[in-house]
Amino acid sequence: MHYDAIVIGAGQSGMPLSRAMSKAGWKTAMVERAHVGGTCINTGCTPTKTMVASARVAYLAARASDYGVRVSPPSVDMNKVRQRKRDVVESFRGSNERGLAAAGVELIRGEGRFTGPKSVEVRLNGSGELLQLEAEHIFINTGTRNAVPHLEGLDIVPYLDSTSIMELDTLPEHLLVLGGGYIGVEFAQMFRRFGSRVTIIARGKSLLSKEDLDIAEAVTGVLREDGIEVLFEAESLRVAHGDDNAIFFTVRTPGGEHIIEGSHLLVATGRTPNSDSLNLGAVGVGTDERGFIKVNGKLETNVPGVYAIGEANGEPAFTHISYDDFRVICANLLYGQDVTTRDRILPYVVFIDPQLGRVGLSEEDARKQGRDIKVAKMPMTWVARATETGETRGLMKAVVDAQTGQILGCAVLGLEGGEDMAQVQIAMMGKLPYHV
């Protein structure tokens, strides 16, 4: 079966790219082994933010008296929270499937693997039948999956990951969260607001290791204020299963070795690429030591005609970055432009509450680069809207080049921090100096 383009993986790069190529007259095949929409729609952005919204409603209901409103003590129905999440995911997934069909993309449901530099073999779901596909252009958009750490006892102890935790129909009595990164803190706060006792077990000296220490400490303060226990410099030694399904987690901290008992364990220790099933060795596509596919600024691998887009290439795992990969490919292949990913400004939001929005360089990154910088900070207590809405936790922080006045980066931990950060991003893209 001959095509102009084959896209392996229906994620947030692959879907718009396949539609655009098909509409441009390219005969295009989309190979997907699970659900259309990739991580974002099915197990990432859409379902988690749906549940974050439910958790915020529970939080506001519990705080109703702060605003002079009398309500009955709130309770959470996890079945309804889960069903709402499922309904939204199904709606988004169906919309994307219809979009592919309307654009004329041929959706092939199965698992693809390379058999040559221009050929892909697909084992169809259900029947197991093998299809042989060929194309001049092949795009890898296979994303990542939850990483599983090497921890004694984890192979026999039932644990949750960022996908399975969203399918719980009962509330954990005590949720242990292994990992202090973005995924871990979002779920920790979410389930604390639903009513669980929560303990975060963090290996490092702070949460969110890619953030400046003052921002990370502010996030820790928010979580602890919400009633979450946070353990730092906690070396995970072993985990065991006890009576009544109890989980016993042994850690070593600066205070010594001790055991934490919980009812559920969430493993949130990062992501690993899905490149291991692609048979990349058959064509010599290069990867790094973790399995992420190496690409240049135009998202080309070392094999002509083979590209890696989205999380598969090791860029930060955010939907908008995947979508920007689609923009780069489209500009170069369909419109004859010369566009690269180099020096693009990367924004993101951590959907804790208040949100942490960040764009550009952190103070630590700027200093590592030897830049002459100015740093400005302002607590959210100085923001009138924050006071008016009763949401004064957090701070804003800006990093500026001292010589040019150009904004290098910004972090906003505050009410709708992601929206505020986006305005700074626009100013950075327009190269407006900070004092305008």
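Is Glu235 buried, partly exposed or exposed, and what is its relative accessibility? In this predicted model, Glu235 has a relative accessibility of 41% and therefore counts as partly exposed, since that class lies between the 20% limit for buried and the 50% limit for exposed residues.

The protein chain is built from 10 helices and 20 strands. Its radius of gyration is 23 Å, close to the 22 Å given by the globule rule for 436 residues, so the chain is as compact as a globular protein of that length. Taken along the principal axes, the C-alpha atoms fill a box of roughly 65 × 60 × 45 Å. Of the 436 residues, 50% count as buried. The accessible surface comes to about 20500 Å², and carbon and sulfur atoms hold 50% of that area. Among contacts with a separation of 6 or more, 62% are made by residues 24 or more positions apart.

The largest nonpolar core has 38 residues, and Ile165, Phe191 and Ile200 are the members that touch the most others in it. Two or more residues each are given to this core by α3, α4, β7 (174–178), α5, β8 (197–201), α6, β16 (347–350) and β20 (407–414). Helix α5 provides the largest share, 6 residues. The surroundings of Phe191 can be listed in detail: leaving aside residues up to four places away in sequence, Phe191 touches Met51, Met78, Ile165, Leu168, Leu171, Pro172, Leu175, Ser196 and Val198.

Helix α3, one of the elements that contribute to this core, can be examined by its length and its cover. The helix comprises 18 residues (residues 45–62), which at 1.5 Å a residue should span 26 Å; the C-alpha atoms at its ends are 25 Å apart, in agreement with that expectation. The buried residues of α3 are Thr46, Pro47, Thr48, Thr50, Met51, Val52, Ser54, Ala55, Ala58 and Tyr59. One of these, Met51, is touched by Phe191. The cover over the buried residues of α3 includes α2 (38–42), α4 (78–103) and α5 (182–194).

Side chains of opposite charge can pair when their charged atoms come close. The structure holds 34 salt bridges, and three of them are described here. In one, the side chains of Arg33 and Glu111 meet at 2.9 Å, N to O. This pair links distant parts of the chain, with Arg33 in the loop between β2 (28–32) and α2, Glu111 in strand β3 (residues 106–116), and 78 residues separating them. Arg33 is partly exposed, with a relative accessible area of 39%, and Glu111 is also partly exposed, at 33% relative accessibility.

Arg393 and Asp226 form another salt bridge, again with a distance of 2.9 Å, N to O. Arg393 lies in the loop between α9 (384–389) and β19 (395–401), while Asp226 lies in the loop between α6 (213–225) and β9 (229–231), so the pair ties together parts that are 167 residues apart in sequence. Both Arg393 and Asp226 are buried.

The salt bridge of Glu235, with which this account opened, is made with Arg252 (2.9 Å, N to O). Glu235 belongs to strand β10 (residues 235–241) and Arg252 to strand β11 (residues 247–253), and the two are 17 residues apart. Like Glu235, Arg252 is partly exposed, with a relative accessibility of 37%. Elsewhere, salt bridges that share partners join Arg56, Arg63, Asp66, Arg193, Glu225, Asp226, Asp353, Glu391 and Arg393 into one network.

A few points of backbone geometry complete the picture. Most residues other than glycine have a negative phi, and most peptide bonds are trans. A cis peptide bond, with omega about 5°, joins Asp353 and Pro354. Pro354 sits in the loop between β16 and β17 (355–360), and Asp353 belongs to the salt-bridge network. Asp244, although not a glycine, has a positive phi of about 55°. This residue lies in the loop between β10 and β11 and is exposed, with a relative accessible area of 79%. Asp343 also has a positive phi, near 65°. Asp343 is found in the loop between α7 (319–333) and β16 and counts as exposed at 77% relative accessibility.

Terms used
Residues are numbered from 1 along each chain as its sequence is written. This is a predicted model: local features need pLDDT of at least 70, side-chain atom pairs count only at pLDDT 80 or more; totals for chains, interfaces and linings use all residues. Side-chain values use heavy atoms; hydrogens and water are left out. Helices (H or I, at least four residues) and strands (E, at least two) are DSSP runs, numbered from the N terminus. The expected span of a helix is 1.5 Å times one less than its number of residues. Buried means under 20% relative accessible area, exposed over 50%, partly exposed in between (1.4 Å probe, protein chains only). Contact means heavy atoms within 4.5 Å. A salt bridge is a side-chain nitrogen of Lys or Arg within 4 Å of a carboxyl oxygen of Asp or Glu. The radius of gyration is taken over C-alpha atoms; the globule rule is 2.2 Å times the number of residues to the power 0.38. Accessible areas come from the Shrake-Rupley method with a 1.4 Å probe; for residues, only the protein chains shown count as cover. A nonpolar core is a set of buried Ala, Val, Leu, Ile, Met, Phe, Trp, Tyr and Cys residues joined through side-chain atoms within 4.5 Å.
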